Amino acid sequence: MWWEKAVFYEIYLPSFADSNGDGIGDFNGIKERLPYLKQLGIDALWLTPFYPSPKIDNGYDVSDYCDVDRQYGTLQDLEELIQVAKKSGMHVIIDVVFNHTSTQHPWFQSALQSTEDKKRDWYIWRDRPNNWESFFGGSAWEYDEKSQQYYYHSFAKEQADLNWHNPAVKHAIFQILDFWIKKGIDGFRFDVINNLTVSQDFKDNPVDETRRQIHQNDVNQPGVLAILKEINAYIKNCNPELFTVAEISSDDLKCIEQYVGAELFDTAFNFNLGSQEKLNLNYFASQYEAMNTAAEKLPTLFFNSHDMSRSWERLADKNVDVYYLLIVLLTINHGITFLFQGEELGLGDFLAANLTDIRDIQAKNKYFELLPSDGEVRAIAAANLVNRDRSRGMLPFNIKGWIGSAKVNESEKVIMAGYKALIALRHKEGPFLPLEKIQAENDLLSYWSGDIHVILNFSEKPRQIELLEDRPWQTLWSHNGPYLAKNKIYLPERAGWIGKRN
Ligand SMILES: [Ca+2]
Ligand SMILES: [Ca+2]
C-alpha cells in the first residue's frame, strides 16, 4: 500500500502559511507551498482540524463536520487544495474527532431541548454522576439545569461525548466519512479513538495508592473494537486504498497494538518515542525491540507534533549532528514516517516573552499560578515549560502571525539537505522490514532491517566497530565521514553510516 514507505507531513493550519496577510495560515497558503513540500519528498499531508469550532480545545471541538472554518478559507479552497495536491502526487488525510462534538454542535443543541428529543440519546445522560474524571481534570459530568440530568464529557465540558451505543450516531458518522471521501480525501486520523465507548454499567473507577483515578471503565472498553472494525470496514469498502491512523490516549505499546491490524487501523500513534524529554538510546533500543514484533503491525515514527516542544530543543539539545542522525531513525526504520511542519528546517521552539504572547490555556494557568509568589520573569519561564504553543510558532516564510515566529536554525540548509537525502533513500529502499539485532551501547545505536545495516554514533568520541559480516558493503548514506576497512568500520564523533550487504 502507498503509505507503507510514505512520509506524512503534519500541517498545523494557523501557523503554516498565510496567503492573504491576516496572520493566520490558510488553505491557499498550503497550496502555494505544495512545490516546496514536493521537492522535500513529502507523500501525504495530514491536516489538523479545520472545521467550524468554538476552539475551546484547539479545533478538536467541532461544531460542523461538513464545513470549514472561514479563517482558513472556503470549502472550495480546500477542494482545490486537495485536487492540486493529488495532481502533484501527494495524498491528503484529515483529522476526524468522533469521540465528542462541541456543545455548540446542532446535534447537542437539539439534545438540550428536551429528554424526548430525537438527538437526546446521541449523547450520554445520567440522573446522577459517578466518580469518572475528565482527562482535562475535574468531574466528567456536567449538570443541565433544564432537564436536571448530567451529560458526560471525557475532555472539556464544552466537548460532549457521543453515545456510540446508539446506532444512529454510527450512521451519521458514516455519512460524514462519505462526505469527505467524495471530496477526494485519502484517509483519516482518528482522534482519541479508544475513548469512543464507556462501560454501560457506569461503575465508579478505582483509584491507585496515590489517589489518582485509574480509567478502568471509561477507556479501552471491550466493545470498542467491534465498532472500530465497523468504521474501518466502511472506509475500506469505499476504497481499500484509504488510510486510517488512530490516536490512542495511552503510551502502553500493548494497548496501542490491539487497535492495529487487518480489520482495524493501518497504524496508531505511539508516543513512547516521540514525546521523550531527552534522548536515551538504551530506552530507544528497548522500545524499538517492542515495536518491531510483527511485520504487519506498522508503528509510527515521529519526534514532533503540534502539542510538544520541538525535537531540536528536546532530543537534539540544539546539536546539528545529533539532529541529523535522528532523521535516520525517522526515515530508515520500520514504520510510517510523520514529520511536523518546520522540522525539516530544524526550527526551534517559540517562547513567549510576556503574557500577551501566550495563547495556550494550560500555559496561562501556570503563569497566573506562579505570578504572585515568583514574579513576572519566573512565571513566564514556568509557563513556557508547559506551553503547547512551543511548536506552533509561525513558520519563517510568513511576515506576520497570530502567534510569534518559530526560532530559525542557522543550519537550516544542511538540515533540509539531510531530510531530502534520507527521504529519497526511504523511497528507494523502503518499506523497511522489522528491525533486528538492535543494540545500544555507549551512545552508539545500531540495527538491521533486512539487508540494511544502520550504525549511528551519537557520542562525542570516535568509535571503531567490528561488522558482524565480512562482505562487500554498499554504502547507502553516511554522515561525518565514517571509514570502512574490510569488516571494521571507524566512526568519528557523531558520524552515521547506512550500508547494504551485497
Ligand atoms: Ca490567512
Ligand atoms: Ca467517549
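## Buried area between domains 1 and 2

About 2,000 Å² is buried between domain 1 and domain 2, of which 62% lies on carbon and sulfur atoms; buried area here is the accessible area (1.4 Å probe) that two parts lose on being put together, summed over both. On the side of domain 1, Thr 101, Phe 202 and Gln 213 lose the most area to domain 2, together 28% of what that side buries.

This is a predicted model, in which local features need pLDDT of at least 70 and side-chain atom pairs count only at pLDDT 80 or more, while totals for chains, interfaces and linings use all residues. Residues are numbered from 1 along each chain as its sequence is written, and side-chain values use heavy atoms, with hydrogens and water left out.

## Domain layout

The protein is divided into domain 1 (7-101 + 167-349 + 408-429), domain 2 (106-160) and domain 3 (436-501), with bounds that come from an automatic or database domain assignment. The C-alpha centres of domain 1 and domain 2 lie 28 Å apart.

## Contacts across the interface

In contact (heavy atoms within 4.5 Å) are 27 residues of domain 1 and 21 residues of domain 2. Between these two domains the count of salt bridges is zero, a salt bridge being a side-chain nitrogen of Lys or Arg within 4 Å of a carboxyl oxygen of Asp or Glu.

By class, the side of domain 1 that touches domain 2 has twelve nonpolar, ten polar and five charged residues, where Ala, Val, Leu, Ile, Met, Phe, Trp, Tyr, Cys and Pro count as nonpolar, Asp, Glu, Lys and Arg as charged, and the others, Gly among them, as polar.

Key
Chains are lettered from A and ligands numbered from 1 in the order in which they are written.
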